[in-house]
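Here are my notes on this one, point by point. Have the model open while you read.

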Amino acid sequence: MDPTISTDQRTYAVIGAGPSGLAAARNLQRAGIPWSGYELAQGVGGLWDIDGPRSTVYESAHLISSKRTTEFAEFPMSEDVADYPSHRELLAYFRAFADTYDLTSGFRFGAEVVAAAPHPDGGWTVTVEQDGRRTEHRHAGVLVANGTLSEPSVPDLAGKFDGEVLHTSAYKSPTIFAGKRVLIIGAGNSGCDIAVDAVHHAASVDLSVRRGYYFVPKYLFGKPADTLNQGRPLPPRIKQAVDTRVLRMFTGDPTRFGFPKPDYRIYESHPIVNTLVLHHLGHGDLRVRPDVERLDGDGVAFRDGTRSPYDLVVLATGYHLHYPFLDPALLRWRGRGSAPDLYLNIFTQADPDLFVLGMIEASGIGWQGRYEQAELVASYLRARRDAPDAARALEERVAGPRPDLSGGYRYLGLERMSYYVNKDAYRSAVRAEIEGLS
Ligand SMILES: Cc1cc2nc3c(=O)[nH]c(=O)nc-3n(C[C@H](O)[C@H](O)[C@H](O)COP(=O)(O)OP(=O)(O)OC[C@H]3O[C@@H](n4cnc5c(N)ncnc54)[C@H](O)[C@@H]3O)c2cc1C
């Protein structure tokens, strides 16, 4: 270990320069709180930089939510940019954001945080590996923004497969499908995008699903679907009834194409924003298969007793939350261990100077929702100096029961849903805290 220890112990460390880390840096800057950032990749942009070591975007990746519901409010995307920009345009957007607010120079790049721990004399020690050297840095605290969609969740499938197996985290280009019989396991947003990529190259493409899904088109009535019905949220039952009817009109009944009927209501799980999948099913380019029973040599056996041969199996089975540089006890992982138990998915009970950003899954939360998380952390740190009573009141809430952030929706008990929030309920809770601190 190199003994170098940076001495400015008033600075907060920001881990990651993706949308959440940039939002953290920007809000600390706005609040006049010194910060210093560490980013494993060679530049800003997070997973939107396809060359980043933890990036999970692929060549065909575009925004799933539209630009106006996703962008940072203080930095709107230009009119020239498409409604659903590609990862390349998004990387350019984040670079422009970081340069405009002079954030880029505050990060060390190619710098991986390998440990972050409270120091016995107060503050935090952050251990960083860069160019094969480890250095320790003292900081006032840590804002963790290392992303939620990089650590693959790989199911333990029975049996053995003789062909290739690939998790979506490693998928970049559809050329890998050329001439192959492909099975994609899981029909989340990445699974559906990749199935659509594959139909243009593969010999055949099957999509194995466990449950039914709701497919939302990217455009409704000629407008990006997520820009409709913004503003005052409808009560859940009414929104579910109205949107189910609208979807039936636009996309019909996915069971016609072989999908199981969903055994839950719309918005109780993350909706799939993709109708190309239905288009290709309708053209016979793609087939829906049931859940996998076991891998079986040169093929896969399904739960309905059928079996098919494949060359390549793509696991579109999602991601785990992953904070390998932190002692898990600091995060109080919940019962099943799938998500930390944090107040507003941000504040830990263990340490008032440890914050997690970006640990939210929600339909339509956008980068502005992540920006507001960072704004809340910066407001809290400033209040500790300028409005200590308000800061203490927040700390009491951090130690108390968790507010209901479901917006009245009953989410499915899946791993991914363990940190799911309703965007309206969540953003109003965060905004109420920001107002209480100012
Ligand atoms: C295909 C795809 C489509 C998506 N579409 C949308 C969409 O339409 N709308 C939307 O809102 N979201 C979408 N997302 C979700 C996406 O995660 C967010 O948009 C956003 O990137 C989250 O930002 P983040 O900063 O929290 O995490 P990330 O973007 O993952 O950034 C985390 C950063 O932390 C760095 N890092 C990780 N570990 C360390 C370490 N130990 N030390 C230093 N640095 C580290 C990484 O290198 C990375 O740069 C999509 C994701 C994917 C994969």
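Predicted model: local features only at pLDDT ≥ 70, side-chain atom pairs only at ≥ 80, totals over all residues.

1. Start with Phe221, which is exposed at a relative accessible area of 56% (exposed means over 50%, buried under 20%, partly exposed in between, with a 1.4 Å probe and protein chains only). You'll find Phe221 in the loop between strand S14 (219-220) and strand S15 (223-224). Strands here are DSSP runs of E with at least two residues, helices are runs of H or I with at least four, and both are numbered from the N terminus.

2. Residues are numbered from 1 along each chain as its sequence is written, and side-chain values use heavy atoms, with hydrogens and water left out.

3. Now the ligand. Of the 29 residues around the ligand, Ser20, Glu39, Ile64, Ser65 and Trp367 come nearest (a residue is near if one of its heavy atoms lies within 4 Å). By class, the shell holds 15 nonpolar, 10 polar and 4 charged residues. Asp, Glu, Lys and Arg count as charged; Ala, Val, Leu, Ile, Met, Phe, Trp, Tyr, Cys and Pro as nonpolar; the others, Gly among them, as polar. Helix H1 (19-30), strand S3 (35-39), strand S5 (111-118) and helix H7 (366-386) each give the shell at least two residues.

4. Which atoms touch the ligand? A polar side-chain atom of Ser20 sits 2.7 Å from a ligand oxygen, and a polar backbone atom of Pro19 is 3.2 Å from an oxygen atom of the ligand. For Leu40, a backbone N or O atom lies 3.1 Å from a ligand nitrogen. On its own the ligand has 990 Å² of accessible area, and the protein covers 93% of that.

5. Salt bridges next: the whole structure has 26, each a side-chain nitrogen of Lys or Arg within 4 Å of a carboxyl oxygen of Asp or Glu. Take Arg303 and Asp291, whose side chains pair at 3.3 Å, N to O. The two are 12 residues apart, with Arg303 in the loop between strand S18 (299-302) and strand S19 (307-309), and Asp291 in the loop between strand S16 (287-289) and strand S17 (292-297). Arg303 is exposed at 53% relative accessibility, whereas Asp291 is buried at 16%.

6. Have a look at Asp296 and Arg307 too, a salt bridge at 2.5 Å, N to O. Asp296 lies in strand S17 and Arg307 in strand S19, so the pair ties together parts 11 residues apart in sequence. Asp296 is partly exposed at 22%, and Arg307 is partly exposed at 38%.

7. Last pair: Asp424 and Lys423 form a salt bridge at 3.8 Å, N to O. Asp424 counts as partly exposed at 27% relative accessibility, while Lys423 is buried at 18%. Elsewhere, salt bridges with shared partners join Arg210, Asp291, Glu293 and Arg303 into one network.

Technical notes:
Polar contact = N/O pair within 3.5 Å; in protein donor to acceptor, adjacent residues only side chain to side chain. Areas by Shrake-Rupley, 256 points an atom, 1.4 Å probe, with all protein chains shown as cover.
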